[in-house]
Amino acid sequence: MILMREVHMDLISEEKLENMTSMEKIRLILDKVKNGKIVVLESGLTPDEEVRLIEMTMTEIRVDEFSGIEIESYPSKKGGSFLDKIFGKTLKGRMTVIGPANQIHTIEKDKYQISTKVSVGD
Amino acid sequence: MGFISSFRENLGAWINKIFKKKRAKIGLYGPPNAGKTTLANRILKDWSGEGTFGTISPIPHETRRAIRKEGLIINANGSTIELDIVDTPGMATKIDFKEFMAFGLSEAESKKRAKEATEGVIEAIKWLDDLDGILLVMDSSEDPYTQVNVTVIGNMEARKLPLLIVANKMDLPNASPSRIKAAFPQHAMVQISALEGSNIDNLYQAIATNFG
């Protein structure tokens, strides 16, 4: 008999992320990941948001409860348009996958592809 | 606001270029066990002849507090640069105390180390705001596409601060600096063995060129 186990994934659109502050994004991600969900962000986070996410993750690590996150994104891409440059948006976030460290494991990553394996607990 | 801060950053970068800063505060960053403290100790030994930044260990997160040494004078490429060097704790997105138990530490020691390691990561992140540039130390035998590397590079690019990639552990048989260069071709890279001191003069020349 094959046991079916479920993985909950939330794919969050660029539009939704654009309307959120950095802190709202980080809180949303951490709350979901701490509940065992895998989060995929269509447009990713800015480099500064990524370090803030890591920083906040460190403050929330608890023995036997939460050991941190696995986060994988591609290197930032330079904003191409003239307006992006004028307004200082020279680096654009790219698709990012985030999950609980004890559940998601990166198998392989390069410039163009991220392969991950998700373990399902009991 | 974005325009003003962008203008200020660009102006600062131009002023630095024109006046060629001769003193710089440089952070050593990278994942745990990339050889940051080994490199920091070697730089200190080569240019001050005494002291160490910290102890070396195969157990990850041996460095759990940032350590700064000031006023190291480095002469290379016919120029002199004075460096304040900050050896930072290894950056990570996860810390599980059980990982330390696998190295033979007791449960209590492992939990203490894990707690201190989380504080160390936060400290390393805070230091990003106070640096003029960084040496990103990578283990040449490991996959360079780690999130720590991607995030640190992204932050340096966003801040328009100089970054020099140090492809360390060239003494290992499976070292592959070309993999690092292919992953981050837009940044200068020097391949060394901090442990053996090989190619270290090239690193000092690159430091003088990139941060001087």
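Visitor: In what order do the strands of the open sheet in chain B lie?

Guide: This is a predicted model, in which local features need pLDDT of at least 70, side-chain atom pairs count only at pLDDT 80 or more, and totals for chains, interfaces and linings use all residues. Residues are numbered from 1 along each chain as its sequence is written, chains are lettered from A and ligands numbered from 1 in the order in which they are written, and side-chain values use heavy atoms, with hydrogens and water left out.

Guide: Strands of a sheet pair through backbone hydrogen bonds, either parallel or antiparallel. Helices (H or I, at least four residues) and strands (E, at least two) are DSSP runs numbered from the N terminus, and two strands pair if DSSP finds at least two bridges between them. In chain B, six strands form an open sheet in the order 2-3-1-4-5-6, with mixed pairing. Strand 2 (67-76) and strand 6 (188-191) of chain B are its edges, each pairing on one side only. On average, neighbouring strands of this sheet are turned by 30 degrees against each other, direction ignored.

Visitor: Which helix packs on the sheet?

Guide: Helix 7 (residues 200-211) of chain B does, touching strand 1 (23-29), strand 2, strand 3, strand 4 (133-139), strand 5 (163-168) and strand 6 of chain B. Contact means heavy atoms within 4.5 Å. The direction of helix 7 of chain B makes about 165 degrees with that of strand 5 of chain B. Axes are lines fitted to C-alpha atoms, for helices over the stretch in contact, and angles run from 0 to 180 degrees between N-to-C directions.

Visitor: Do strand 2 and strand 3 of chain B run parallel or antiparallel?

Guide: Strand 2 of chain B and strand 3 (residues 79-87) of chain B run antiparallel, joined by eight bridges. Within this pairing, Ala76(B) stands opposite Ser79(B).

Visitor: How many bridges join strand 1 of chain B to strand 4 of chain B?

Guide: Four bridges join them, and the two strands run parallel. Gly133(B) in strand 4 is the bridge partner of Ile26(B). On the other pairing, strand 4 and strand 5 of chain B are parallel over six bridges, with Val137(B) partnered by Val166(B) in strand 5.

Visitor: Which residues of strand 4 of chain B are buried on one side and on the other?

Guide: In a regular strand the side chains alternate between the two faces of the sheet. Buried means under 20% relative accessible area, exposed over 50%, and partly exposed in between (1.4 Å probe, protein chains only). In strand 4 of chain B, Gly133(B), Leu135(B), Val137(B) and Asp139(B) are buried on one side, and Ile134(B), Leu136(B) and Met138(B) on the other. That is seven of its seven residues.

Visitor: How many aromatic pairs does the structure hold?

Guide: A pair of aromatic rings is described by the distance of the centres and the angle of the planes. Rings of Phe, Tyr and Trp (its six-membered ring) pair if their centres lie within 6.5 Å; planes under 30 degrees apart count as stacked, over 60 as edge-to-face and the rest as tilted. There are two pairs over all chains. Trp47(B) and Tyr204(B) have ring centres 5.2 Å apart and planes at 80 degrees, so this pair is edge-to-face. Trp47(B) lies in helix 2 (residues 36-48) of chain B and Tyr204(B) in helix 7 of chain B, so the pair ties together parts that are 157 residues apart in sequence. Trp47(B) is partly exposed at 26% relative accessible area, whereas Tyr204(B) is buried at 3%.

Guide: Tyr145(B) and Phe184(B) form a tilted pair, 6.0 Å centre to centre with 45 degrees between the planes. Both residues are buried, Tyr145(B) with a relative accessible area of 10% and Phe184(B) with 1%.

Visitor: How much area do chain B and chain A bury between them?

Guide: The size of an interface is often given as the accessible area lost when the parts come together. Buried area is the accessible area (1.4 Å probe) that two parts lose on being put together, summed over both. Chain B and chain A bury about 2,600 Å², 60% of it on carbon and sulfur atoms. Thr93(B), Tyr145(B) and Gln147(B) supply 24% of the area that chain B buries against chain A, more than any other three residues.
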